[in-house]
Amino acid sequence: TKTPVIILGLGAMGQALAATFLKAGVPTTVWNRTPGKDAELLAAGAATAATVTEAIGADGPIIAVLLDHASVHATLDPVAARLAGRQLINLTSTAPGDARELAAWAAGHDCGYLDGGIMAVPPMIGRPGASILYSGSRTVFDTHRETLELLAAAEYFGEDAGFASTYDFALLATMYAMFGGFLHGAAMMRSVGVPAAEFGRRAAAWVGAMAQSLPHQGAVIDTAAYTDRVQSIAFHKAALDAINRASRDANVTLDFVAPLKNLLDRQVADGRGALGFERTFEELI
Ligand code: NDP
């Protein structure tokens, strides 16, 4: 028999997690603040709870998949006294400091706390390619690892509850730079009549190829080997200057490219133009 679970929050992600558990035969109790989001899950065999108290009356780890840090407290503060001896797995995206605060709060109520950062969109849950990064209580992770693996590849990073969230948002920062760059490029291409979908196909191939250099760039940063440059800051400054001019010609604002250009300009002005591009890392910390 499989360990049962309780899911608090039936937004897009909570529904995907619950559906995946049910498909795998995991007894699943679900609760959502606004009723009526559990119809499909009920049909798939979920037990539905009208209140949080009723939900956590069921057995198993309590998995929170709510909007944000505040909504986790709004949901669990009223039942805090009932959490003693329980295990809370928080898959809500929360900033590292908020995750640590929740871990301390849970510990104060004698409740185990594991934080998770979901690296997937809802349709990816339960499929290859999805991963969830965890940190916080090793006991909670070890106890429920098999259950958690049903959702996505599960990786544990130690007792600091804020670690998984830091990793999550660092990956998202990288992703958003790509998304923002794509929007900027698509705006440039509109000026010459190329549809964004067509540009997207070409950009996906280009970005995929360029992404292969990230581990090497990381090694350069880790060893501060900024003089073993392949391409210098001055080289990249020239490219950013050209992108600026091309963007202006296309009547596209510089909002997205300006921050990187500023970082490069600053280093050239400081006499560091001959160093490798990766030295820009040092400007950020
Ligand atoms: P949704 O916006 O679809 O759902 C939000 C959920 O939070 C709903 O169940 C909502 O309940 C509930 N909620 C909001 N405020 C409160 C509150 N004050 N008290 C109780 N419940 C509340 O979000 P998702 O399901 O997509 O995301 C859930 C979490 O998963 C987020 O932290 C998100 O960052 C994370 N995540 C989502 C991904 C995605 O692609 N969707 C990817 C990775 C992580 P109600 O129905 O009553 O409004």
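Predicted model: local features only at pLDDT ≥ 70, side-chain atom pairs only at ≥ 80, totals over all residues.
**Entry 1: the ligand**

Next I checked backbone atoms against the oxygen atoms of the ligand. For Met13, a backbone N or O atom lies 2.8 Å from a ligand oxygen. Leu66 has a polar backbone atom 3.0 Å from an oxygen atom of the ligand. For Leu10, the distance from a backbone N or O atom to a ligand oxygen is 3.3 Å. As for cover, the ligand on its own has 890 Å² of accessible area, and the protein covers 75% of that.

**Entry 2: Thr92**

I went to Thr92 next and found it in the loop between β5 (87-90) and α5 (96-108). Is Thr92 buried or exposed? I noted a relative accessibility of 1%, so Thr92 counts as buried, the cut-off being under 20%.

Leaving out residues up to four places away in sequence, I have Thr92 touching Ala64, Val65, Leu66, Leu67, Asp68, His69, Val72 and Gly116. Leu66, in that list, is the residue whose polar backbone atom I had already noted at 3.0 Å from a ligand oxygen. I also wrote down a polar contact of 2.9 Å that joins the side chains of Thr92 and Asn90.

**Entry 3: the sheet**

I traced the strands and got an open sheet of eight, with mixed pairing and the order β3-β2-β1-β4-β5-β6-β7-β8.

I then followed some of the pairs. Strand β1 (residues 5-8) runs parallel to β2 (residues 28-31), with four bridges between them. In β2, Thr28 is the residue opposite Val5.

Strand β7 (residues 131-136) got a closer look. Its pairing with β6 (residues 112-119) is antiparallel, over six bridges, and I found Leu114 opposite Gly136 of β7. With β8, strand β7 runs parallel and is joined by four bridges; here Tyr134 stands opposite Tyr156 in β8. I also checked how covered β7 is: five of its six residues are buried, so I put it down as mostly covered, buried here meaning under 20% relative accessible area.

**Entry 4: Glu101**

My last stop was Glu101, which lies in helix α5. How does Glu101 count, with a relative accessible area of 32%? I put it down as partly exposed, because that value falls between the 20% and 50% cut-offs.

Apart from residues up to four places away in sequence, Glu101 touches His69 and His73. With His73 there is also a polar contact between side chains, at 2.8 Å. His69 had already turned up in my list of residues that Thr92 touches. I also looked up the separation of Glu101 from Arg145: they are 44 residues apart along the chain, and their C-alpha atoms are separated by 23 Å.

Methods:
Residues numbered from 1 in each chain as written. Heavy atoms only, no water. Polar contact = N/O pair within 3.5 Å; in protein donor to acceptor, adjacent residues only side chain to side chain. Areas by Shrake-Rupley, 256 points an atom, 1.4 Å probe, with all protein chains shown as cover. Helix = DSSP H or I, 4+ residues; strand = E, 2+ residues; numbered from the N terminus. Buried < 20%, exposed > 50% of the residue type's maximum accessible area, 1.4 Å probe, protein only. Contact = heavy atoms within 4.5 Å. Pairing = 2+ DSSP bridges.
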